[in-house]
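Let's take a friendly walk through this model together, one region at a time. Keep the sequence and the 3D view side by side as you read.

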Amino acid sequence: MSNLGRILLVEDDPKDVELTLTALEEYKLANEVLIARDGEEALDYLYRRGNFATRSTDNPAVLLLDLKLPKVDGLEVLQQIKADAKLKLIPVVVLTSSHEERDMVTSYKLGVNAYVVKPVDFHEFVNAVKELGIFWALVNEPPPGSVKKS
Amino acid sequence: MKSERPNVTALPKSPIVLSIIQRYGLAVLSVSVAFGVSLVTERYNFRAEFTPFLLAVAVTAWYAESGPGIVALIMSSALFDYFFTEPRYTLEVSASDVPRFVVFVAFLLLITWFGAVRRRVERELRQSRDDLENEVTQRRAVNEELAKRSAELQAINKELEAFAYSVSHDLRAPIRHIAGFTELLQKNSASVLDERSQRHTTMILESAKKMGNLIDDLLAFSRIGRAEAHKTMVSLQQLVQEAQSEVAQETDGRNINWKIGRLPACYGDRSMLRLALINLLANAVKFTRTRPQAEIEIASTNHNPDQIVVSIKDNGVGFDMKYVNKLFGVFQRLHATEAFEGTGIGLATVQRIVHRHGGRVWAEGLVDGGATFYFSLSKSQGV
């Protein structure tokens, strides 16, 4: 089960990872999170390649995706997921610093399920991440083939 | 860019210039031909009179100007007189020949005059063609320069856009971290921090938040400069209402008397104008905060048929007219941050929006006596 997470967080900045995990901890969701440090790692996980070749076939219930990532950026990851028949059912939430309309429009065109701008204010940030976690990992009924809460 | 080449090739590059020998040769040749034709026609008992000679004189005067024309005239007169008028084979001139001679001379003058006119017109046409060509060359140079500048500007704009994007993304992240971890520190270590340290963490938080707001405002400001304006007919009345409800959350529990006059429609970018109005109304609300009864009046003063002038008047703390030129600058503030919060970008944003609509923005104020902000917009699509 160590390779399983109901939330796949794709985020390169360790500080953002820590803040996000802190926010999810309050609802005991932190243990459900798997972290990918760049787009390539995220795709490796989803396609069960490299380090993740042996993981179980279940998909995460939601993908929290930063846009600015090393190697393969968030929009490319999004594009690949939504172009793949097996992966496109996974809900993808863009969680980014970018306020730019261009990024938002591109994300929605690529079929993103939600677009959230990380608030500067910590309380708002915690609330946003918490709500995202609760909604997508607990409330939302994920597509077949996703990790289910046992 | 398409360069339009006017069709100037119809005229020869240089006029046909006949040499002096060619010109007088033409006189001799044309008269000789006329003489030959007359001889032949006479042989067949068909008297062509002096028509061939007239033609000879005309052709010479037309193509070789007046000098050879006179030579042709003299030769024609002499030949005609000698060979074709009674008594033949003498150069005797009788009174009956005078009309013929007069016709010859009149004809010569007429054709010479026509030729002169033709040459003058040709010269002028050539002149204007040359002028036109020069102008085209110049314009092409100017166009090339413009295209170069435009490409440069586009490159700079792209760079600026990349810069703003990077600011938006990279600058906000560390601020979020500062705010986030300071907050965590406050929450988790409140028991071990003394009062002074707690105050310091609060200050760090406030500064981080302020920095966040500054970046957001600055980004919004730069976006107005970069964004394309989508202009349509916009009802200012409706926009003011929207702006009013937008700032309403700041007015909770306050006594504000709004007076909104009749406002016309104008031609502009809806979301930009909305932002400008929100900024102006928010300012009016902010700077009347110290008043027990705030008065905010929005009206349209309309003296010019092509222009709309909107005024936003409040009875707030006002400002010193000495600093009126600083009012619309970026990061310029006329009040202490403790008294009235703000980043100093609001009015700069208003100015940028109004300028992008070809309008003007100005203000009148009095310390402790309220302020009135005006902006003008053009009524029609002509901007």
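This is a predicted model: local features need pLDDT of at least 70, side-chain atom pairs count only at pLDDT 80 or more; totals for chains, interfaces and linings use all residues.

Residues are numbered from 1 along each chain as its sequence is written, while chains are lettered from A and ligands numbered from 1 in the order in which they are written.

An α-helix has 3.6 residues a turn, so residues three or four places apart point the same way. Helices (H or I, at least four residues) and strands (E, at least two) are DSSP runs, numbered from the N terminus. With 24 residues (20-43), α1(B) reaches 35 Å from its first C-alpha to its last, close to the 34 Å expected at 1.5 Å a residue; that expectation is 1.5 Å times one less than the number of residues. Just after this helix, B:N45 takes a positive phi of about 55°.

Further along chain B, helix α8 (residues 346-356) holds B:I353. This isoleucine is buried, because 26 other C-beta atoms lie within 10 Å. Its contacts, not counting residues up to four places away in sequence, are B:I224, B:M272, B:L273, B:L275 and B:A276. B:M272 is 81 residues from B:I353 in sequence, yet their C-alpha atoms are 6.3 Å apart.

Now turn to chain A. Here 5 strands form an open sheet, in the order β2-β1-β3-β4-β5, with parallel pairing; two strands pair if DSSP finds at least two bridges between them. The edges are β2 (33-36) and β5 (114-117) of chain A, each pairing on one side only. Strand β1 (residues 7-10) of chain A is joined to β2(A) by 4 bridges, and A:I7 stands opposite A:V33 in β2(A).

Finally, look at where the chains meet: 15 residues from chain A and 15 residues from chain B take part. On the chain A side, α1 (14-25) and α5 each supply at least two residues, and the largest share, 4 residues, comes from α1(A).

Note on methods:
A residue is buried if 20 or more other C-beta atoms lie within 10 Å of its own, exposed if 12 or fewer, and partly exposed in between; C-beta atoms are placed from the backbone. Two residues are in contact if their C-beta atoms, placed from the backbone, lie within 7 Å.
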